[in-house]
Amino acid sequence: MEKTINKEQIRKPENLVYRRTPLLVDVPLSYCPGCGHGTAHRMIMEVIEEMGIQQDTIGIAPVGCSVLAYDFLDIDMQQAAHGRAPALATAIKRLWPDKFVFTYQGDGDLAAIGTAETIHACNRGEHFTMIFVNNGIYGMTGGQMAPTTLPHMRSSTSPYGRDVEIMGFPLKMTELITHLPGTYYVTRQSVHTPANVRKTKKAIRKAFENQKLKKGISFVEIVSNCNSGWKMNAVQANKWMEENMFPFYPLGDLKVDGQIVEKK
Amino acid sequence: MTEEIIIAGFGGQGVLSMGKILAYSGVMQNKEVSWMPSYGPEMRGGTANVTVIISDERISSPILNAYDTAIILNQQSLDKFESKVKPGGMLIFDPNGITRLPARKDITIYSIAAADEAGKLGILKVFNMIVLGGFLKLKPLVAPEFIHKGLEKSLPARHHKLIPDNEKAIEVGKDLIQPFTPAD
Amino acid sequence: MGELRLMKGNEAIAEAAIRAGCDGYFGYPITPQSEILEYLMAEKPYEKTGMVVLQAESEVASINMVYGGAGAGKMVMTTSSSPGVSLMQEGISYIAGAELPALLVNINRGGPGLGTIQPSQADYWQSTKGGGHGDYHLLVLAPASVQEMSDFVKLGFDLAFKYRNPVIIHSDGAIGQMMEKVVLFDPIPRRTDDEIKKQCPWATVGKTPDRKRSIITSLELDPGKQEQVNLRLQAKYRKMEAEEVRYEEIACDDAEYIFVAFGTSARICQKSIELARAKGYKVGLFRPITLYPFPVNPLRELSTKIKGILVVEMNAGQMIEDVKLAVSCSLKVEHYGRFGGIIPTPEEVTENLISKVIGG
């Protein structure tokens, strides 16, 4: 047996290997066990803490599972009508141009009801950050088909699988906005493994840092699971996500510093 | 004193701007004024009209059904507004394009061949000011110095070089207007 | 005295917004009010006062930009006309629910549906009874002149911040498009960032260590708490009803009959009074300036001195319900309306007073 340390030693500051950022409010999250939202929240708050911008940050919560995000994040926040977060953020960023402004939206919010606001905010080149959590389903309302639901994927409103001939195709919003001149940084990440969490945090940091440049939208999609909606346990859901979601929504940068990343 | 005026013609004849210059001149002379246009697609090539009221008192309704003076620049407007002149009121019309002449005997009618004259003088752009000049000769509601100020206020700065042409046209109109007697 | 100009009602709204120290305007073109955005874009206030002016992608986006800006403590506004205001209703409900100050303008046009671009007062119910979902009220100002279009922008912002409640200027295409003499109030500087933070401690301007985080929301999942929100809103509306009633009486001193009318209809009725008095009838006008709160008590008091009322509206009979409630059916109340973009003439209004109220 190698060197061991006892409970008292573990608690000494010099042995600290992890702590919850104080910018996450110490209340139980309303998310299901295994859901990616909690990790995504933590990444954002760690970035805000490390950048020291708590008093300069304004967040916009959407309608969806993260409607109550303002209960968990210790920053000034406004709750938007369904899909309208980019409109709120547009006004706030233009009226307080030196603040860090971000939206936090799910796929129903950002890619269905809020399509117009998303595309126009991106196309105008607003200088805020959009965090897009894509789990291919409406979680809060109980697992209905989302704009991002995969072909043949089951949901409560596509109980036999998404038939694209009847229900249309899934919308790759991230690819779509990559080609708009007003986006500056577009990336797709995940938070299902420690390595991916680190990459996502780096992406979020870059997306926030970019606001200082005032060169347009920085957009971070996080492909995530919805084990409740997908009717799986957390481990199955992550596996299913890797096998089914990632081939359709491949991870990686799509646009960096205003330049579209060419596919190899 | 309250003068209730309708100015009506085709879109593009300067109906609205004539009304605006008259109204702004009234403002400069410290009168109460209102300028109420017909608006919408009908303005583009169709008929256009504007109700202008100039008064010494607070103006009640900016929208009227009876007028002290009607200034008429096309047939459709003559057909529509001749009957709306108050008994004892005044109608001014440009005979250009008019096939059915005004007929009322209980109002005073004047004709002003402003379109012809503007064509002859090569000042078609200020045709509407010739008509305004004719009106002002009969009803000098605003003094010339306030007309000048009204022009300055109404026209964008890039058109201020045209103010002398406008004022000249007003003088032309004063000479051009003449009484008209309807046929029996 | 302030600067004297001849302006359209729409232009007066825009100029007054700049002068009132407005921080942001967000709008979408629609006839008959597009001159407001056009005027602002031509004036470029973003170079002069720093006011943000943005043409949004829709009325839905406009009102949500206003919601965002208002949540951040800024003095923000939008303007539209009837179909566009219908689109905004969800956002307006959010602003009322989150108790934010904002100025809205509806230059009414005829409806329903796409309707007509000509003037109308058919959105009275929408403006005064809520409009969107949930129990809420806007404070509703009804200008009857271009001068009031200008003055009510400043008044509207003052009231919006006083009550943390959206205020709507309820006007119509006639007042929007007509020009009258306006005395413009002197420009008021925009508030500084520090002034905003002091005036709006509830706003999302960035959490500092000395205070709890600001959360702007209209969501409350606990019905008990949501009922408390509603009770607070209702208390605010009672305060408005007690303190913010505005109205004008014209020729009412010796009147035996009165018109009750607002906005353009009130202007027409003033001419109708002249016509009626020329015929020997003693007629006056009661003009509500605040449509909500409706001037219930002043109208009730006046009603005890007169024999009958003709409510004149450019709609099929909306404000008449508030008039009847105010006078508790104690005297004859009739309605005369034209709609679909038709403006009644002073003559037909007088004739209807005689036939429906005086002679009837």
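Two strands pair if DSSP finds at least two bridges between them. Helices (H or I, at least four residues) and strands (E, at least two) are DSSP runs, numbered from the N terminus.

Before starting, I noted that this is a predicted model, where local features need pLDDT of at least 70, side-chain atom pairs count only at pLDDT 80 or more, and totals for chains, interfaces and linings use all residues. Residues are numbered from 1 along each chain as its sequence is written, and chains are lettered from A and ligands numbered from 1 in the order in which they are written.

**B against C.** I looked up strand pairing here: S2(B) and strand S8 (residues 179-184) of chain C pair in the antiparallel sense, over 2 bridges. B:Trp35 has C:Met179 as its bridge partner in S8(C). For contacts (C-beta atoms, placed from the backbone, within 7 Å), I found 19 residues from chain B and 21 residues from chain C. On chain B's side, helix H1 (15-28) and strand S2 (32-37) each give two or more residues, and S2(B) gives the most, with 6 residues.

**A against C.** Next I checked chain A: 29 residues of it are in contact with 31 residues of chain C. H3(A) supplies the largest share of chain A's side, 8 residues. I also found S2(A) running parallel to strand S9 (residues 215-216) of chain C, joined by 2 bridges. A:Met77 stands opposite C:Ile215 there.

**A against B.** I found no contact joining these chains, and their closest C-alpha atoms lie 29 Å apart.

Conventions: Contact = placed C-beta atoms within 7 Å.
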